[in-house]
Amino acid sequence: MSERNRSQAGRSPPVDSDGVRRYTDRALVRRLASELRPYRLQVGGLFLLSLLATPLALLIPVPLAVTVDTVLGSQPLPGFLDAIVPGAIEDSESALLVAAAAMFVLIALLTQLQSMSTTVLRAYTGERIMLDFRARLFRHVQRLSLSYHDARGTSDSIYRIQYDATAVQYFATETLSSFVTAAFTLVAMLYVTALIDWQLALVAIAVAPPLLVISWAYRRRLRTQSREVKRLESGAMSVVQEALGAARVVRAFGREDSEERRFTHHFREGMWARIRYEFASSKFALLIGMIIATGTAAVLYIGARHVQAGAMTVGDLVLVMSYMSQLYSPVRTLSKGAGKLQQYLASAERAFSLLDEEPDVRERPNARPLSRAEGDVRFEHVSFAYDGDRRVLRDISLHVPAGTRLGIAGATGAGKTTLVSLLTRFYDPSEGRILLDGVDLRDYKLTDLRAQFAIVLQEPLLFSTSIAENIAYAREGASVEDIAAAARAANVHDFIAGLPDGYDTEVGERGMRLSGGERQRISLARAFLKDAPILLLDEPTSSVDVRTEATIIEAMERLMAGRTTFMIAHRLTTLDVCDMRLTMEDGHLIAGEEQSPHLSTFDHV
């Protein structure tokens with residue numbers, strides 16, 4: 001996590017069972033405000049445009065008041081109009097009526113221009129802020145330890161990036177501008193109403209205390225229910241991801257109906273949670289509406305009595321009642337917005353909680369650069385446990401000289417994949433250390449360290465793009481000639497050249513338009529292109545037929561030449577190409593019947 005994130009996080013807040021930190025409203029608002037500092041010019045412009053709505057709102061009922069009191073009645077023009085309206089217009093009822101109508105159109109035009117400008121700037125500012133915030137979340141998620149993703153799954157992170165990140169946009173473009181504009185409008189409306197009749201202003205403002213009390217009472221309830229909605233919706237996404245990701249298995253076992261029931265069950269829980277939230281929010285809105293209606297009725301009653309007593313004109317009453325609707329609009333915004341804000345604060349809580357996650361694997365402050373390693377690897381009393389209790393590796397000591405091709409055999413769950421995962425620092429040892437060229441892996445820069453490894457997995461992973469782009473993933477900016485050379489080395493060029501679109505052929509999601517052997521050879525071509533000094537081959541031929549295996553092994557022998565290689569395989573014949581072999585059992589290294597802590601005791605092939 002960056003220094004800025006650490007300083008903002010402060011003391012670590014409590015964490016619930018879903019791994020979401022519980023922040024106070026004040027902490028969240030301060031954190032959200034800090035996110036907006038780089039966009040202060042855009043947000044400031046949005047404030048100014050929003051504030052223009054207040055004087056325009058004050059002008060809207062003026063033409064009506066002029067028509068009622070001056071054109072239809074016998075009252076003089078209001079003072080501020082009397083100073084700017086020419087005498088010729090003021091002395092003619094027809095001209096004054098036309099002027100009032102023209103004023104109405106002009107005010108409407110200015111209001112629409114203000115609204116349009118605010119909408120465009122709000123859209124630009126909000127989308128820019130949300131894009132940058134999502135990019136930060138995505139960048140941070142990619143750097144989190146694999147243990148975090150193993151524990152939380154990917155769907156929860158996807159939900160936070162896609163949906164919870166919108167809280168920053170809402171806070172910047174809706175909450176801040178709406179609350180400030182509403183407060184400014186409220187003060188302006190109260191001031192103008194007080195100038196007309198101070199008693200009506202007092203009656204109008206009397207609704208504020210009960211509104212504040214209700215908003216405070218509903219705040220915690222709405223926040224809690226918003227959290228529940230987010231939790232259930234995030235969980236429901238995992239069902240969709242699992243079912244679609246395993247579509248072939250689902251169909252093979254005829255479990256479509258079962259998956260549909262599981263989908264419906266999870267989303268039904270989310271649906272009822274959302275309904276409960278909306279019901280609580282509606283009750284809150286009902287109370288707000290009734291209090292405002294009571295205040296409006298009181299102003300109408302007292303204002304009418306003042307007109308009957310001659311204390312104010314009918315036009316003044318019309319003006320006051322028009323202001324009441326606009327006065328209570330910001331009051332309603334402030335009150336209902338306080339409830340709506342809880343929903344977005346719950347989203348912000350989840351987004352910031354993700355940003356505040358610290359990876360288990362960290363780069364040291366003064367990490368050493370590494371251009372190209374020799375490939376000498378040494379394990380010194382290495383132990384590892386995923387959950388901190390159950391050990392997967394137990395006191396591994398092993399020396400692999402540079403250029404050695406080491407074969408690793410063992411039953412499923414023996415710790416083979418975990419052993420090589422520690423080399424790339426996907427995880428760090430719980431005990432002991434691993435040295436590369438005599439230096440602890442934790443002392444190297446992470447990017448430089450991982451650049452030393454080319455990996456070919458049991459299930460080759462291709463991206464949903466062209467064959468050329470999948471091979472070039474190993475080296476940014478690789479030329480067409482380099483890509484083709486890597487494909488030839490991997491025995492896959494002839495196959496690619498025979499395709500209608502050649503290297504531009506799209507492989508589909510996860511490469512599923514190609515066979516397993518074709519995907520594996522493209523994965524090998526990617527490893528050839530990377531030209532790393534150390535190879536990690538994890539069951540590279542387990543899912544292919546014997547003929548394809550022979551082709552892949554031939555390519556792998558060329559790839560392994562001059563490189564330190566760790567090759568995992570269940571079939572011992574696959575390891576015949578290795579210089580040395582070891583066997584793993586229950587997290588230990590063994591050779592025959594005896595424990596063997598050093599490579600020199602292993603069988604030479």
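Student: In this predicted model, does Tyr170 count as buried or exposed?
Tutor: The model is predicted, so to speak of local features requires pLDDT of at least 70 and side-chain atom pairs count only at pLDDT 80 or more, while totals for chains, interfaces and linings use all residues. Residues are numbered from 1 along each chain as its sequence is written, and side-chain values use heavy atoms, with hydrogens and water left out. Buried means under 20% relative accessible area, exposed over 50%, and partly exposed in between, with a 1.4 Å probe and protein chains only. Since its relative accessibility is 14%, Tyr170 counts as buried.

Student: How many aromatic pairs does the structure hold?
Tutor: Rings of Phe, Tyr and Trp (its six-membered ring) pair if their centres lie within 6.5 Å; planes under 30 degrees apart count as stacked, over 60 as edge-to-face and the rest as tilted. By this criterion, the number of aromatic pairs in the structure is 5.

Student: Why does the pair of Tyr170 and Tyr344 count as it does, and what is its class?
Tutor: The ring centres of Tyr170 and Tyr344 lie 3.7 Å apart. Their planes stand at 5 degrees, so the pair is stacked.

Student: How many residues apart in sequence are the parts that this pair ties together?
Tutor: Helices (H or I, at least four residues) and strands (E, at least two) are DSSP runs, numbered from the N terminus. Tyr170 belongs to helix H11 (residues 166-196) and Tyr344 to helix H16 (residues 314-355), so the separation in sequence of the parts tied together is 174 residues.

Student: What percentage of the residues of the chain count as buried?
Tutor: The chain has 23 helices and 11 strands. Of its 605 residues, the share that count as buried is 46%.

Student: Why is helix H17 (residues 416-423) described as largely enclosed, and how many of its residues are buried?
Tutor: The buried residues of H17 include Lys416, Thr418 and Leu422. H17 is largely enclosed by the rest of the structure because the buried residues number 7 of the 8.

Student: Which residue with a positive phi follows H17?
Tutor: The phi of this residue is near 60 degrees. The residue that follows H17 is Arg425.

Student: What is the volume of the largest cavity?
Tutor: On a 1 Å grid over the protein atoms alone, a cavity is a set of points where a 1.4 Å probe fits but cannot get out, and lining residues have an atom within 4 Å of a point. Grid points are joined across faces, edges and corners, and a volume is the space filled by probe spheres set on the points. The whole structure has 2 cavities of 30 Å³ or more. For the largest cavity, the volume is about 40 Å³.

Student: How many charged residues line the largest cavity?
Tutor: Its lining includes Leu422, Arg425, Asp428 and Arg433. Ala, Val, Leu, Ile, Met, Phe, Trp, Tyr, Cys and Pro count as nonpolar, Asp, Glu, Lys and Arg as charged, and the others, Gly among them, as polar. The lining has 4 nonpolar residues and no polar ones, and the charged residues number 5.

Student: Which element gives the most to the lining of the second largest cavity?
Tutor: Ser226, Val229, Lys230, Arg274, Tyr277 and Gln343 line this cavity. Helix H13 (208-245) and helix H15 (256-308) each give two or more residues to the lining. With 3 residues, the element that gives the most is H13.

Technical notes. On a 1 Å grid over the protein atoms alone, a cavity is a set of points where a 1.4 Å probe fits but cannot get out, and a pocket is an open set with protein on both sides within 12 Å along at least five of seven lines; lining residues have an atom within 4 Å of a point.
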